[in-house]
Amino acid sequence: MKRFIRTLVSTTLIAAAFCLFSCDNDSEGFGFTGKDGLPSAFKTDNRTIYLSYSGNQLLKMMEKDGSTTSFNYEGNEFQGVSFAPPADPNIADGHGFVDFEKEGNKIIVKQGGEPSMDVSYNQEIELDENGLPIKITDLGAFQMTGEGYKKIGDGRNYSILTFDPSTKNLAKLEIFSLEDSKLITTHTFTYNNQPGSMSQVELPSWFFGFWFQKSLYSTGTYPRQYLSHQNTLTEETITDGETGNTQTIHYKYAYNKQSYPVSVDNGNESMEIKY
């Protein structure tokens with residue numbers, strides 16, 4: 001009888017452990033990729049984000065509340081991103097879009113959302129010869145009228161991005177005022193030689209820097225994963241353009257046997273990375 005109880009307890013613990021790492025990541029087509037560098041979930045104490053793919057091409061991300069971010073393609077060409085709220089009749093707003101229109105070595109970004117879907121906030125991304133973003137400029141807010149788009153608000157800032165030529169890691173991001181070209185903040189980044197958590201995700205090389213720049217003022221560990229599309233980010237230093245004061249954030253990781261990160265801690269937040 002004791003042997004039976006021990007066996008039953010062991011079986012229950014194994015099942016519980018399996019469910020802990022898989023049951024919460026197996027809804028609506030989201031599951032483990034089984035590929036290092038192709039994350040299936042980012043999980044903190046307060047937030048879980050699931051990712052799904054076609055091959056290595058990112059298709060969709062879903063929050064635990066059911067809200068989604070979809071990556072849209074025409075053939076294999078990346079066209080934009082769309083947002084949808086949870087399927088909750090009490091939530092009226094939440095749909096949004098980010099569209100990309102390429103013109104030579106520049107990309108025009110149009111982004112907006114409910115309740116004002118006729119208004120878009122536009123930016124311009126300038127690319128270098130390697131397809132990496134070297135300048136992102138706020139163009140301002142535009143509203144669709146019967147005569148086309150009309151500018152209703154000015155842009156505020158532009159950003160200069162500097163990449164390491166050998167690794168293609170983002171090394172520095174400087175933010176300036178459009179009004180007087182005054183330096184607002186400088187972010188510098190340090191990496192190790194380990195492969196990054198998103199190093200196998202197929203998206204245009206310019207997208208990672210642009211998407212991180214959109215969430216620059218969030219200090220969480222998740223937005224920084226978009227910097228780890230080559231190597232793993234280990235340090236970020238933020239310098240105030242006016243005072244010169246600096247803040248340095250260190251990112252500490254645990255790795256699997258293949259040297260890919262499976263968790264990260266920045267001193268304020270820890271996050272699990274599942275593949």
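This is a predicted model: local features need pLDDT of at least 70, side-chain atom pairs count only at pLDDT 80 or more; totals for chains, interfaces and linings use all residues.

Visitor: With which residue does D154 form a salt bridge?

Guide: A salt bridge is read from a side-chain nitrogen of Lys or Arg and a carboxyl oxygen of Asp or Glu within 4 Å. The partner of D154 is K151, and their closest N and O atoms are 3.5 Å apart. K151 is partly exposed, at a relative accessible area of 44%.

Visitor: How many salt bridges does a search of the whole structure find?

Guide: The search finds five. One of the salt bridges joins the side chains of R47 and E63, at 2.6 Å from N to O. This pair links distant parts of the chain: R47 belongs to the loop between strand 1 (41-43) and strand 2 (48-54), whereas E63 belongs to strand 3 (residues 57-63), 16 residues apart. R47 has a relative accessible area of 38% and is partly exposed.

Visitor: Are E236 and R224 buried or exposed?

Guide: Both are buried. E236 and R224 also form a salt bridge, with 2.9 Å between the closest N and O atoms. Here too the pair links distant parts of the chain, 12 residues apart: E236 lies in strand 14 (residues 231-240), and R224 in the loop between helix 2 (205-214) and strand 14.

Visitor: How many aromatic pairs does a search of the whole structure find?

Guide: There are 21 aromatic pairs. One of them, F207 with F208, is edge-to-face, with 6.4 Å centre to centre and 75° between the planes. F207 and F208 are both buried. F207 also pairs with W211, and this pair is stacked: 4.9 Å centre to centre, with 25° between the planes. Both F207 and W211 lie in helix 2, four residues apart, which is about one turn of the helix. W211 is buried, as is F207.

Visitor: Which residues do ring pairs link into a cluster?

Guide: The cluster consists of F71, Y73, F78, F83, F100, W206, F207, F208, F210 and W211. A charge may also sit over a ring. K214 lies over the face of W211, at 5.5 Å from the ring centre. Elsewhere, K135 lies over the face of Y158, at 4.9 Å from the ring centre.

Visitor: What does the secondary structure of the protein chain come to?

Guide: The protein chain has two helices and 18 strands. Of its 275 residues, 43% count as buried. The accessible surface comes to about 14,700 Å², and 49% of this belongs to carbon and sulfur atoms. Among contacts with a separation of 6 or more, 39% are between residues 24 or more positions apart.

Terms used. Residues are numbered from 1 along each chain as its sequence is written. Side-chain values use heavy atoms; hydrogens and water are left out. Buried means under 20% relative accessible area, exposed over 50%, partly exposed in between (1.4 Å probe, protein chains only). Contact means heavy atoms within 4.5 Å. Accessible areas come from the Shrake-Rupley method with a 1.4 Å probe; for residues, only the protein chains shown count as cover. Rings of Phe, Tyr and Trp (its six-membered ring) pair if their centres lie within 6.5 Å; planes under 30 degrees apart count as stacked, over 60 as edge-to-face and the rest as tilted. A charge sits over a ring if NZ of Lys or CZ of Arg is within 6 Å of the ring centre and within 35 degrees of the ring normal.
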